Structures are given as C-alpha cells and as structure tokens.
Amino acid sequence: MAQVKLQGPCKAPLELQVQATLKANADPKQLSADIEWLIVNYIDRFTLSGGGIFDGQESINTDGIHVARSSNVNITDCVIGTGDDCISIGDELEQLHITRVTCGPGHGISVGSLGKTPGEKPVVGVYVKNCTFINTDNGVRVKTWPASHQGVVTDLHYEDIIVQNVTNPIVIDQVYCPYNQCNKDLPSQVKISKVSIKNVRGTSRTQDAVLLLCSKGVPCEGVEIGDIDIAYNGKEGPAKSRCENVKPTFVGKQNPPVCAGAQSA
C-alpha cells in the first residue's frame, strides 16, 4: 500500500471510517523512511472511526500514533501494538484525551522526546485514563533531552492505569539520550509541571517501577502521586523508585514507596 496523506483545509467536518484491514508494505524499505504511512494535516473536526485494523506488518521503530501541533484531540477505544511508542506526543499540543487504549507490544504512551529542536512550543493538557499496558518497555512516560533547548510541558494527568509485565511502568526521563547522542552533563531546559499520577496498579518487569528523573536545571514542580500498587517478583528484591530533582506530594498509598522523605498531602 502506498503512503497516504489527508490534507486540508476543509470547510466541513470530515470522517474517515475504516472497516477493513489496511496493510503496509511488508518490506519497510519500500516506504519512504522520513514520511508517515498515514498522515492527517491541517484539518479541523476530523474523525477516524470504525472497527478496522492498520497492520504495519511488525514495522520496527515505528510509532502507532504520533500527534503534534494539534488541539482538542481524543484517542479512544484502540488496541495498539507496535515497534516504538504506541502513542507519541510532540510539541505544540493542547488538550489531548487518551481513554481506554490497550498498548502492547510497544514503548508505551510517551510525551516527547522534547528539547532537541529550537523553538518547540508547549505541551499543555494531556489526560491518559483507563489505559492498559501489556509487555511494554514503558507505561506512561515523559522524555526530554539533556543539553536541550527551552520548552514547557504542563498539565499532565494519568489515572486508572493497569500495567502487566511492563519494564518501566512510570517514567519521567529528562536525561533521555539514546545512543549517547548528547551531553548528559548539561541539564534539560524543558520545564515539567502540574503532573498527577493516580491509581496505577499491576506488575513491573524490573525493580524500577517508578522513575522520576527530573532536570537539575529546571526541576519538576507540582507533581502529585496518588495510589500506586506495582509489584516486582524477581530475584533482585522488591519493586523500588528512583527520584531526582522532584518533591512530589502524595495522596493514598504507594507500593513501592515513592521518593522516600518527600511531602505527604
């Protein structure tokens, strides 16, 4: 199948219903490496619906859905298995609601990576609720580059999340640096604030159930942790958390204990 682009502007609402299975080329080399398989640009009041399937044929390093430079977006009732992020969230995004999404395999639902490009605009208002992660590398994740340009991520809310055998269920990673392509000694300049994480339960594939690794240059602010119940049954010991440059407040109980010594609400 050829790559597809739907591009506006359009004068009226547009709905695309997919009832069948759409298959990408089984050979990734047959697709242009720098262009998405299906892209929607410059369209207001767009709806993609139906019980169909987008089959990437196990494309590696490929996001299921990438959304950026958009506002008032709803992603609901989807099952996503992919080689990279199930849902990837880029800059200049306002009011994204992700509800009843099952992710796996994949790298989770990720804000970022951010900060690598100058002039990135803020991410404001991301709501992830009633989602399930099965055998993924991450659950809910925010990632920014060290030695980065300035940026803003604020008003992120994660609630009623189930994780099953997830490597890193909860991650804020402000030293994201794959393949050592950056200087980790210089802090990220992307400011993360107003984050709530509530009612996350299930199992972790590693001891690191909660990682809140914020920037030493612009520490995270306004982080609230609600009820957390994540178990790890490996031989190394119980599940644990790691926290840097963040002082969360807490509601309810946390298993494992998160950021020991921080303030309780």
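Student: How much space lies in the largest cavity?

Tutor: About 40 Å³, in what is a predicted model. The structure holds one cavity of 30 Å³ or more.

Student: Which residues line the largest cavity, and which strand gives the most to the lining?

Tutor: Asp91, Leu114, Gly115, Glu120, Lys121, Gly151, Val152, Val153 and Val190 form the lining. Strand β14 (residues 151-166) gives the most, with three residues.

Student: What makes the lining of the largest cavity four nonpolar, two polar and three charged residues by class?

Tutor: Val and Leu count as nonpolar, Asp, Glu and Lys as charged, and Gly as polar, so the lining splits into four nonpolar, two polar and three charged residues.

Student: Why is the pair of tryptophan 37 and phenylalanine 54 called edge-to-face?

Tutor: The ring centres lie 5.8 Å apart and the planes stand at 85°. Rings pair if their centres lie within 6.5 Å, and planes over 60 degrees apart count as edge-to-face, so this pair is edge-to-face. The partners are 17 residues apart, with phenylalanine 54 in strand β6 (residues 53-55).

Student: How do you know whether tryptophan 37 and phenylalanine 54 are buried or partly exposed?

Tutor: Buried means under 20% relative accessible area; tryptophan 37 has 18%, so tryptophan 37 is buried. Phenylalanine 54 has 36%, between the 20% and 50% cut-offs, so phenylalanine 54 is partly exposed.

Student: What makes tryptophan 145 and tyrosine 176 an aromatic pair that is edge-to-face?

Tutor: The rings are 5.5 Å centre to centre, within the 6.5 Å cut-off, and 80° between the planes is over 60, so the pair is edge-to-face. Tryptophan 145 and tyrosine 176 are both buried.

Definitions and conventions
Residues numbered from 1 in each chain as written. Predicted model: local features only at pLDDT ≥ 70, side-chain atom pairs only at ≥ 80, totals over all residues. Heavy atoms only, no water. 1 Å grid on protein atoms, 1.4 Å probe; cavity = no way out; pocket = protein on both sides within 12 Å on 5 of 7 lines; lining within 4 Å. Points joined across faces, edges and corners; volume = space filled by probe spheres on them. Helix = DSSP H or I, 4+ residues; strand = E, 2+ residues; numbered from the N terminus. Phe/Tyr/Trp six-rings, centres within 6.5 Å; stacked < 30°, edge-to-face > 60°. Buried < 20%, exposed > 50% of the residue type's maximum accessible area, 1.4 Å probe, protein only.
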